[in-house]
Amino acid sequence: MAMNAAQLQELFSSNLKEMRIRANLSQMKLAEKADLSVGYICDLESGRRWGTPETFSKLAKALEINPFELLLPKNLEFSALDISFQHKFASKLQDSIQKNMKSALANAIAEAIRESK
């Protein structure tokens with residue numbers, strides 16, 4: 001179901017506040033890190049104002065997230081850390097599978113050589 005503008009702004013405001021709290025930042029500290037005013041942060045979180053693309057970029061950098069995460073519905077929310085973890089896990093799993101395959105192949109070759117003698 002598509003969101004209307006009011007729902008999207010509400011989602012943005014809610015996500016911003018939640019991510020700020022998760023990052024253990026006060027509105028003042030976020031304002032400092034993002035080079036924005038405390039009043040502007042308050043207006044964004046309360047839904048009184050919208051951010052510009054530059055604002056999204058500043059907020060994302062200060063919160064150490066991707067800008068689009070500020071607009072993700074709760075059930076789709078993920079972070080770069082989650083993606084990094086999944087990538088590392090998949091890479092380790094692939095390495096493990098390759099090592100096991102090499103070992104199994106080497107054992108099969110050695111067994112075939114023994115049996116042929």
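Reply: Let's begin with burial: buried means under 20% relative accessible area, exposed means over 50%, and partly exposed is in between (1.4 Å probe, protein chains only). This is a predicted model, where local features need pLDDT of at least 70, side-chain atom pairs count only at pLDDT 80 or more, and totals for chains, interfaces and linings use all residues. Residues are numbered from 1 along each chain as its sequence is written, and side-chain values use heavy atoms, with hydrogens and water left out.

Me: Why is Trp 50 called partly exposed?
Reply: Its relative accessibility is 35%. That value lies between the 20% and 50% limits, so Trp 50 counts as partly exposed.

Me: And what makes Phe 12 count as buried?
Reply: Phe 12 has 0% relative accessibility, which is under 20%, so the label is buried. Across the chain, buried residues make up 26% of the 117 residues.

Me: How do you know that the rings of Phe 12 and Trp 50 are stacked?
Reply: Rings of Phe, Tyr and Trp (its six-membered ring) pair if their centres lie within 6.5 Å; planes under 30 degrees apart count as stacked, over 60 as edge-to-face and the rest as tilted. Here the centres are 5.5 Å apart and the planes are at 15°, so Phe 12 and Trp 50 form a stacked pair. This pair links distant parts of the chain, 38 residues apart: Phe 12 is in helix 1 (residues 5–22), and Trp 50 is in the loop between helix 3 (38–46) and helix 4 (53–63).

Me: What makes Phe 12 and Phe 56 a stacked pair?
Reply: Their ring centres are 4.7 Å apart and their planes are at 15°, so this pair is stacked. Phe 12 lies in helix 1 and Phe 56 in helix 4, so parts that are 44 residues apart in sequence are tied together. Phe 56 is buried, as is Phe 12. Phe 12, Trp 50 and Phe 56 form one aromatic cluster, and the structure holds three aromatic pairs.

Me: How many helices and strands does the chain have?
Reply: Five helices and zero strands, giving the pattern α-α-α-α-α along the sequence. Helices (H or I, at least four residues) and strands (E, at least two) are DSSP runs, numbered from the N terminus.

Me: Why is Ile 113 called partly exposed?
Reply: Ile 113 has a relative accessible area of 44%, so it falls in the partly exposed class. Its place is in helix 5 (residues 80–116).
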